[in-house]
Amino acid sequence: MLEEKEMLIDVDEKPEFWAGILLSFQHVFSMFGATILVPIITGLPISAALMMSGVGTLIYHFVTKSKIPVYLGSSFAFIGAMQIAIQQLDGDISASQTGIMLVGLGYLIIALLIKMIGTSWIDKIMPPIVIGPMIMVIGLGLSATAVQNAGLVAGAQWQNILVAFITFSITAFINTKATGFFKIIPFLVGIIGGYISAWILGIVDITPVIEANWFSLPELYLPFKNTLFNSYNIYLGPEAWAFLPLILVTAAEHIGDHTVISKMTRRNFLKDPGLSATFTGDGLASLISAFFGGPANTTYGENVGVIGLTRVASVRVVRNAAIISIGLSFFSKFTALLSTIPSPVIGGMSFLLYGVIASSGLKVMIDERTDFSKARNLVIASAMLVIGLGGAVLDIGPLVISGTALSAIVGVLLNLILPYEE
């Protein structure tokens, strides 16, 4: 069993220069499973996602006075709503952009309420029995994506399965058996090893890299019908308002991630700098990201997983990762190279990352000693998990609530309605 001092993850740690740089690259690479996949699925540019994740992280660090090793990246919770909004407007991303900005504004309102009346109301509507299953739904909800990317589906090619297995095995082996420097960069080594194996097996197409320019400006889009100078028509149709229920989901993820990092580092970030600051930073990051055509930013479960597995939580490392991400968004050859990373490589790495997210939700309930002998707790968790993972959809006219958002709403309502047992 590890001693207490060995379990402590130091936020103030300052690794040696090259170690810090490689650790920063690992944080950048660890987000590729989501940050690349979100724009690929929704049709947004990879360069915009890279740039705005970096910009959003720097905004967050500025607001929170660089006290928390949090990286902001593209949120999977928004994928369904983004796809529906873009599809209903025949490929126009205006509704999606506006919807994400509304969620960002919702975060700022939450931050203001916390500043004015404290956090007791959050504790009441989102206790550990609600937050824990929410985080689990986010992690386990991503598991299907990991399995599909890994090629573990009917009719898959053996090469894809082998590449995913190699990527996972390298990452797991480095994390559990390596010593010294390599132990703190398991995901970076895993991605490189997986990419090389994919190259050898002939499932890497580098044509996009060859055709891309060396440098170019990131592809950014302003949320206006035509252009900034020709029209100021921000889309506020029902497709945009349908994003609002996602505030519950991402707010729970936000609180959950900060709770987990607080426990990892033995620091109470919910008090210092406080949820008012963290929600403000997160909300501004999403608002600005969406304004320029990027995906919604959120506290990044993957990087919480990286911190948990590598036990390195240096704020400077995370901040440098944001700067690297911004720089790479201008490097067209690199963004093109990212687009050539085969799905099995992302899938193999995601097996660990998404599992860590789900396990973090379980850990929240364990640490808070949630009593599942109480029927109330069992009902709330069971309903949330089944709704969140079962693909439930509630279609109310123009408003469609599904998956994680519906699970969060049900959890909050059940927590408020069900009586406490004596």
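## The whole chain

The protein chain holds 22 helices and 4 strands. Keep in mind as you read that this is a predicted model. Of the 422 residues in the protein chain, 55% are buried.

How do parts of the chain that are apart in sequence come together? Take the contacts between residues at least 6 apart in sequence: 82% of these join residues at least 24 apart. The sections below visit some examples.

## Helices H11 and H20

Two packed helices are described by the angle between their axes and the distance between the axes. Helix H11 covers residues 158-177 and helix H20 covers residues 343-367; their axes come within 7 Å and cross at roughly 40°.

Which residues in H11 and H20 meet? From H11 come Asn160, Val163, Ala164, Thr167, Phe168, Thr171 and Ala172, and from H20 come Pro344, Val345, Gly348, Met349, Phe351 and Leu352. Sorted by type, the residues of this contact between H11 and H20 are 9 nonpolar and 4 polar, with no charged ones.

## Helix H15 and its partners

Now find helix H15, residues 246-265, and helix H7, residues 94-117; their axes come within 10 Å and cross at roughly 55°. That angle makes H7 oblique to H15. The crossing of H7 and H15 is right-handed. On the H7 side, Val103, Gly106, Tyr107 and Ile110 take part, and they meet Ile247, Thr250, Ala251 and His254 in H15. The residues of this contact between H7 and H15 divide into 5 nonpolar and 3 polar, with no charged.

H15 also packs with helix H16, residues 270-291: the axes of H15 and H16 come within 11 Å and cross at roughly 145°. The crossing of H15 and H16 is right-handed. H15 brings Ala251, His254, Ile255, His258, Thr259 and Ser262 to the contact, while H16 brings Leu270, Leu275, Thr278, Phe279 and Asp282. In this contact of H15 with H16, there are 5 nonpolar residues, 5 polar residues and 1 charged residue.

Next, look for aromatic rings whose centres lie within 6.5 Å of each other. By this rule the count comes to 6 aromatic pairs. One of them is formed by Phe168 and Phe351, an edge-to-face pair with 6.2 Å from centre to centre and 65° between the planes. Phe168 sits in helix H11 and Phe351 in helix H20, so to speak a link between distant parts of the chain, 183 residues apart. Phe168 counts as partly exposed, because its relative accessibility is 30%. Phe351 is also partly exposed, at 34% relative accessibility.

Another pair is made by Trp214 and Phe331: their ring centres are 6.0 Å apart and their planes lie at 15°, so the pair is stacked. Trp214 is in the loop between helix H13 (207-211) and helix H14 (238-241), whereas Phe331 is in the loop between helix H18 (315-329) and helix H19 (332-339), 117 residues apart. Is Trp214 buried or exposed? With 55% relative accessibility, Trp214 counts as exposed, while Phe331, at 24%, counts as partly exposed. Ring pairs also link Trp214, Phe215, Phe331 and Phe334 into a cluster.

## Two serines to visit

Ser66 lies in the loop between helix H5 (46-63) and strand S1 (72-74). Its relative accessible area is 30%, so Ser66 is partly exposed. Ser66 and Arg316 are 250 residues apart along the chain, and their C-alpha atoms are separated by 8.3 Å. Leaving aside neighbours within four places in sequence, Ser66 is in contact with His61, Val315 and Arg319.

Ser286 is found in helix H16. Ser286 counts as buried because its relative accessibility is 6%, and buried means under 20%. Not counting residues up to four places away in sequence, Ser286 touches Ile100, Gly104, Ala296 and Asn297.

Key: Residues are numbered from 1 along each chain as its sequence is written. This is a predicted model: local features need pLDDT of at least 70, side-chain atom pairs count only at pLDDT 80 or more; totals for chains, interfaces and linings use all residues. Side-chain values use heavy atoms; hydrogens and water are left out. Axes are lines fitted to C-alpha atoms, for helices over the stretch in contact, and angles run from 0 to 180 degrees between N-to-C directions. Contact means heavy atoms within 4.5 Å. Ala, Val, Leu, Ile, Met, Phe, Trp, Tyr, Cys and Pro count as nonpolar, Asp, Glu, Lys and Arg as charged, and the others, Gly among them, as polar. Angles under 35 degrees count as roughly parallel, over 145 as roughly antiparallel, 65 to 115 as roughly perpendicular and the rest as oblique. A crossing is left-handed if the near helix is turned anticlockwise from the far one by less than a right angle, and right-handed if clockwise. Rings of Phe, Tyr and Trp (its six-membered ring) pair if their centres lie within 6.5 Å; planes under 30 degrees apart count as stacked, over 60 as edge-to-face and the rest as tilted. Buried means under 20% relative accessible area, exposed over 50%, partly exposed in between (1.4 Å probe, protein chains only).
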